[in-house]
Amino acid sequence: MALQKIFRAVIMGPPGSGKGTVSARITKSFGLTHLSSGNILRAHINAKTEFGLLMKSSIDQGQLVPDDVISRLILSELKAIGQCSWLLDGFPRTVSQAEALDSAYIVNTVINLNVPFQTIKDRLTSRWTHLPSGRVYNTDFNPPKVPGLDDVTGEPLVQRDDDTPETVTRRLKAYETQTEPVLEYYRSKGVLETFSGTETNKIWPDVEALLYRKLSLINQKVA
Ligand SMILES: Nc1nc2c(ncn2[C@@H]2O[C@H](COP(=O)(O)OP(=O)(O)O)[C@@H](O)[C@H]2O)c(=O)[nH]1
Ligand SMILES: Nc1ncnc2c1ncn2[C@@H]1O[C@H](COP(=O)(O)OP(=O)(O)O)[C@@H](O)[C@H]1O
């Protein structure tokens, strides 16, 4: 059997652009391990760890948590999952975080979901989340089978404390000032792949085609 080379990808885009939704499809189709910084932070908050309690107020106010804290957390999670192909979602969100990631790993591809801010605002107020798994639903786009309950576990869904209209506006501002420069950072390295649109179902076939291409190329090299 041919050796499988490790493939490391990042998915970026403004809050609500569909990173979680597309990541779930990538995981299902390509078997990459999905690591979401937001899900990891919310798991800490949910478990009421000291760290989670410390970070909760920044997150609820729509501000980014400090670079050194999140970089240490994510790099240690990546170390823990070991030698496997992964998809990072929500990290890096600043150039300093991108540099921290670069110091430890080579990122093969960065998928950038470019979705207009107005589309996002409408989506986030109707987002429902299953906190333990990070599965997301939407009252219009992909409603759960039973309203208010997760399809897989039957557990309750919640609306995130930071999905209020005012906080979404603040998160979009933070994205513009702190995260957009990361796109330039990866563009200059030649790894940025941008997908523009207002519907995930229209964006997805292009993302899927790109990953088929990248993964077959990377595996040919070691075959
Ligand atoms: N109306 C609509 N909602 C979508 C679409 N794609 C994703 N969503 C919903 O939009 C919300 C944000 O998507 P999510 O994947 O959580 O975005 P993330 O914040 O970038 O991870 C969720 O409620 C999704 O179910 C779409 O094409 N149309
Ligand atoms: N890489 C990061 N750097 C700083 N803060 C982060 C990072 N990832 C997540 N957070 C914090 O967690 C919140 C939620 O993140 P996430 O679930 O990725 O949200 P979104 O749906 O807005 O993309 C962010 O608004 C921020 O406060």
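This is a short walk through one protein chain, from the overall fold down to single residues.

Keep in mind that the model is predicted.

Let me start with the whole protein. There are 8 helices and 7 strands. The radius of gyration is 17 Å, and the globule rule gives 17 Å for 223 residues, so the protein is as compact as a globular protein of that length. The C-alpha trace spans about 50 × 40 × 30 Å along its principal axes.

Of the 223 residues, 45% count as buried. The exposed surface comes to about 11,400 Å². Carbon and sulfur atoms supply 54% of that surface.

What about charge? The protein carries 26 positive and 24 negative charges. Their mean positions lie 4 Å apart.

Take the contacts between residues at least 6 apart in sequence. Of these, 73% join residues at least 24 apart.

Next, the strands. I'll begin with E1, residues 8-12. How many of its residues are buried? The count is 5 of 5, and E1 is mostly covered. Look at the side chains. Arg 8, Val 10 and Met 12 point one way. Ala 9 and Ile 11 point the other way. Both sets are buried. Note that Arg 8 is in that list, so to speak, as a buried charged residue.

Which strands pair with E1? One is E3, residues 86-89. That pairing is parallel, over 4 bridges. Within it, Val 10 has Leu 88 as its bridge partner. Another is E4, residues 109-114. Here too the sense is parallel, with 4 bridges. Met 12 stands opposite Asn 112 of E4.

Now to a pair with the opposite sense. E5, residues 127-130, pairs with E6 in the antiparallel sense, over 4 bridges. E6 covers residues 135-138. Trp 128 sits opposite Tyr 137 in E6. The two strands form a hairpin, with 4 residues between them. In that turn, Gly 134 has a positive phi of about 85 degrees.

Stay with E6 for a moment and follow the chain onward. The loop from E6 to helix H7 holds Asn 142. H7 itself covers 165-189. Is Asn 142 buried, exposed or in between? Its relative accessibility is 25%, so Asn 142 counts as partly exposed. Setting aside residues up to four places away in sequence, Asn 142 touches Val 136 and Tyr 137.

Gly 190 and Leu 217 are 27 residues apart in sequence. Their C-alpha atoms are 16 Å apart.

Now two points of backbone geometry. Most residues other than glycine have a negative phi, and most peptide bonds are trans. Here are two exceptions.

The first topic is a peptide bond. Phe 91 and Pro 92 are joined by a cis bond, with omega about 0 degrees. Pro 92 lies in the loop between E3 and helix H5, 95-102.

The second topic is a phi angle. Lys 48 has a positive phi, near 55 degrees, and is not a glycine. Where is Lys 48? Lys 48 lies in the loop between helix H2, 37-46, and helix H3, 50-60. The relative accessible area of Lys 48 is 60%, so this lysine is exposed.

Buried or exposed? Ile 59 is at 13% relative accessibility, and the cut-off for buried is under 20%, so Ile 59 counts as buried. What does Ile 59 contact, beyond neighbours within four places in sequence? The partners are Leu 41, Ile 45, Val 65 and Asp 162. Leu 41 is 18 residues away from Ile 59 along the chain. Their C-alpha atoms are separated by 8.9 Å.

That's the tour. I'm happy to take questions.

Methods:
Residues numbered from 1 in each chain as written. Chains lettered and ligands numbered in written order. Predicted model: local features only at pLDDT ≥ 70, side-chain atom pairs only at ≥ 80, totals over all residues. Heavy atoms only, no water. Rg over C-alpha atoms; globule rule 2.2 N^0.38 Å. Buried < 20%, exposed > 50% of the residue type's maximum accessible area, 1.4 Å probe, protein only. Contact = heavy atoms within 4.5 Å. Areas by Shrake-Rupley, 256 points an atom, 1.4 Å probe, with all protein chains shown as cover. Charge placed at Lys NZ, Arg CZ, Asp CG, Glu CD. Pairing = 2+ DSSP bridges.
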